[in-house]
Amino acid sequence: HVTSGRYLAAASDGSVVTVHRQKADEASTAFNLLMSKDEKKQSDAREDEGMGHADIKYGDSMVYLQHSSTGLWLSYQTFETKKRGVGRVEEKKAIMLVEGHMDDGFTFSRAQEEESRSARVIRKCQSLFNRFTK
C-alpha cells in the first residue's frame, strides 16, 4: 500500500488483512496476477492466432488475484448496514473465495513519483508520531 507501506495478505480463516512489512512472509502475501479465472485459458500453451500471450500492463489490463499458496481468489462479500442520516448502505468486505464473482477484476497502476515521495513522508511522520506516543 502506497501510504501505509503495509502488504496485502490472506489470513488462514479466509479473510484479507494488511500486515506490516516486517511481519510479511511469502506464504501469506504472494499473489498471482492472472488475465482469466478459466484454468483452460491459463494452462493453454499455444499462441492465439500467432500474436503471442497477453501481457499484463499497469493501468491497462484487468487482472484477477489468486493467492499463490492456497489457490483462493481475492473477492468480496456484500452486506447492508444502517447508517444514521443516510439509511441503508451496501458495504463490501474483501475475502478469499474458492470461485469468487465475475466482477472481481482489478486494474493496477504505478504511483507517480510525486505520490511516491508523499507516501514516504507520510510513513516517516507516522513512524515518528508512533515512537513519540510510545
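## Salt bridges, hairpins and a nonpolar core

Two salt bridges turn up in a search of the whole structure. A salt bridge here is a side-chain nitrogen of Lys or Arg within 4 Å of a carboxyl oxygen of Asp or Glu. This is a predicted model, in which local features need pLDDT of at least 70 and side-chain atom pairs count only at pLDDT 80 or more, while totals for chains, interfaces and linings use all residues. Residues are numbered from 1 along each chain as its sequence is written, and side-chain values use heavy atoms, with hydrogens and water left out.

**The chain as a whole**

The protein chain has three helices and seven strands. Helices (H or I, at least four residues) and strands (E, at least two) are DSSP runs, numbered from the N terminus. Their order from the N terminus is β-β-α-β-α-β-β-β-β-α. The chain holds 134 residues, and 19% of them count as buried. Buried means under 20% relative accessible area, exposed means over 50%, and partly exposed lies in between (1.4 Å probe, protein chains only).

The accessible surface of the chain is about 10,800 Å². Carbon and sulfur atoms account for 49% of that surface. Such areas come from the Shrake-Rupley method with a 1.4 Å probe; for residues, only the protein chains shown count as cover. Contact means heavy atoms within 4.5 Å. Take the contacts between residues at least 6 apart in sequence: 55% of them join residues at least 24 apart.

Strand β5 covers residues 73-83. Strand β6 covers residues 87-97, runs antiparallel to β5 and is joined to it by eleven bridges. Two strands pair if DSSP finds at least two bridges between them. Three residues separate β5 and β6 in their hairpin. In the turn, Gly85 has a positive phi of about 85°. One of the bridge pairs is Tyr76 with Ala94 in β6.

Which residues form the salt bridges? Glu80 pairs with Arg88, and Glu91 pairs with Lys83. The table gives the distances between the closest N and O atoms.

| Glu80 | Arg88 | 3.5 Å |

Glu80 is exposed, at 52% relative accessible area. Arg88 is exposed too, at 60%. Glu91 is partly exposed, with 26% relative accessibility. Lys83 is also partly exposed, with 41%.

Thr78 sits in strand β5. Is Thr78 buried or partly exposed? Thr78 counts as partly exposed because its relative accessible area is 39%. Setting aside residues up to four places away in sequence, Thr78 touches Glu90, Glu91 and Lys92. Thr78 and Ala94 are 16 residues apart in sequence, and their C-alpha atoms are 9.0 Å apart.

Strands β1 (residues 7-10) and β2 (residues 16-19) run antiparallel, joined by four bridges. Tyr7 has Val19 in β2 as its bridge partner. Ala9 stands opposite Val17 in β2. Five residues lie between the strands of this hairpin, where Gly14 takes a positive phi near 95°.

Which residues make up the largest nonpolar core? Its six members are Ala10, Val16, Phe31, Leu65, Leu74 and Met96. A nonpolar core is a set of buried Ala, Val, Leu, Ile, Met, Phe, Trp, Tyr and Cys residues joined through side-chain atoms within 4.5 Å. In soluble globular proteins, nonpolar side chains tend to be buried together.

Val16 is in contact with Leu8, Ala9, Leu74, Ala94, Ile95 and Met96, leaving aside neighbours within four places in sequence.

**Helix α1**

Ala27 belongs to helix α1 (residues 26-29). Ala27 is partly exposed, at 45% relative accessibility. Beyond residues up to four places away in sequence, Ala27 touches His67 and Ser69. Ala27 and Ala9 are 18 residues apart in sequence and 8.8 Å apart, C-alpha to C-alpha.

**A nonpolar surface patch**

Leu33, Met35, Ile56, Tyr58, Phe106 and Phe108 make a nonpolar surface patch of about 530 Å². Patches are made of residues with over 30% relative accessible area and no salt bridge: like charges are joined within 9 Å, and nonpolar side chains (Val, Leu, Ile, Met, Phe, Trp, Tyr) within 5 Å. Phe108 lies in the loop between β7 (106-107) and α3 (113-133). Phe108 is partly exposed, with a relative accessible area of 33%.
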